Amino acid sequence: MKNLVIAIAALVGIAVVSSVFVVPEGERGIVIRFGKIQRDAQDAVTVFEPGLHFKVPLIETVRLLDARVQTLGEGSDRFVTAEKKDLLVDSYVKWRIADFGKYFLSTGGNLNQAETLLKQYINNGLRTEFGSRTIQEIVSGERTQLMVRAMAQAAEGAQELGIEILDVRVKKINLPDEISTSIFQRMRAERAAVAKEHRSRGMEQSEIIRADVDARVTVMVADAERNSRTVRGEGDASAAKIYADAYNKNAEFFSFVRSLDAYKNSFQNKNDVLVIQPDNDFFKYMKSDKVQN
């Protein structure tokens, strides 16, 4: 009898322990009874909040589901633009469970299965948005609009999984290596053509400026030459007038001064030698005793 009481007490203890379950913080629990999710009187799925709860032992089982915000974003996906250009896009999605019953029925409560299905909806939305835009439109400022529309499209499909999409973000957009190389070569050729055009224009402007400067220099030199000849002519005229006036005042004295200048220029140093006949007019004033006025 004593052993029977102990056995009954042990069974009761096991039943009590197995009827109690704890839902940790950040998770929610649903109870499965005979393979069906337990529902309330309004046929809504009963979701157990964090804390201590009870269930029918051996008949009901508890499945814990993560209620926290999840992040989906691994690797890059290839999308095609309206120009039929491939892009490698890095994106991430913030999501959480909105309907725990629907989520469990569609994914079996498996997080990996849920992310696989969700990624299909996200990629479909992004593929539609990328396919309707050019690379320039995507890069130049329509990325925000693209993410909003992709999020709206994905949200419709995610509702079937009992998932709420909180945010869709495109982190990085890259070109495949083969396209990057092709674009780089094309850009380099375009830049080289632009540089060549600028150099040609620079050389043309240089020639124009050089020709203009040469023309100005030629004109300035010609003007200076003309002015110098004018000044020189005026000086010669003034000198001739002075000489003429001096000659008219006293021809003999003028001739004497001119002879002195000739003597001075002819005999500037001791090595100067002049061979001339003694009765030449050059020595006219050297042979005279005095200068006649």
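A residue is called buried when its relative accessible area is under 20%, exposed when it is over 50%, and partly exposed in between (1.4 Å probe, protein chains only). By that scale arginine 229 is exposed, since its relative accessible area is 55%. The structure is a predicted model, in which local features need pLDDT of at least 70 and side-chain atom pairs count only at pLDDT 80 or more, while totals for chains, interfaces and linings use all residues. Residues are numbered from 1 along each chain as its sequence is written, and side-chain values use heavy atoms, with hydrogens and water left out.

Glutamate 225 is partly exposed, at 36% relative accessibility.

Helix α6 (residues 177-249) also holds arginine 226 and aspartate 223, three residues apart. These two form a salt bridge with their closest N and O atoms 3.0 Å apart. Arginine 226 is partly exposed at 46%, and aspartate 223 is partly exposed at 28%.

Another salt bridge joins glutamate 164 and arginine 96 (3.1 Å, N to O). This pair links distant parts of the chain, with glutamate 164 in strand β10 (residues 163-174) and arginine 96 in strand β9, 68 residues apart. Glutamate 164 is partly exposed at 33% relative accessibility. The count of salt bridges comes to 13.

The surface also carries a nonpolar patch formed by Phe34, Val56, Leu58 and Ile59, with about 460 Å² of accessible area together. Such a patch joins nonpolar side chains (Val, Leu, Ile, Met, Phe, Trp, Tyr) within 5 Å, from residues with over 30% relative accessible area and no salt bridge; accessible areas come from the Shrake-Rupley method with a 1.4 Å probe, and for residues only the protein chains shown count as cover. Leucine 58 lies in the loop between β5 (51-54) and β6 (60-66) and is exposed, at 87% relative accessibility.

Technical notes. Patch = residues over 30% accessible without salt bridge, like charges linked within 9 Å, V, L, I, M, F, W, Y side chains within 5 Å. Salt bridge = Lys/Arg side-chain N within 4 Å of Asp/Glu carboxyl O. Helix = DSSP H or I, 4+ residues; strand = E, 2+ residues; numbered from the N terminus.
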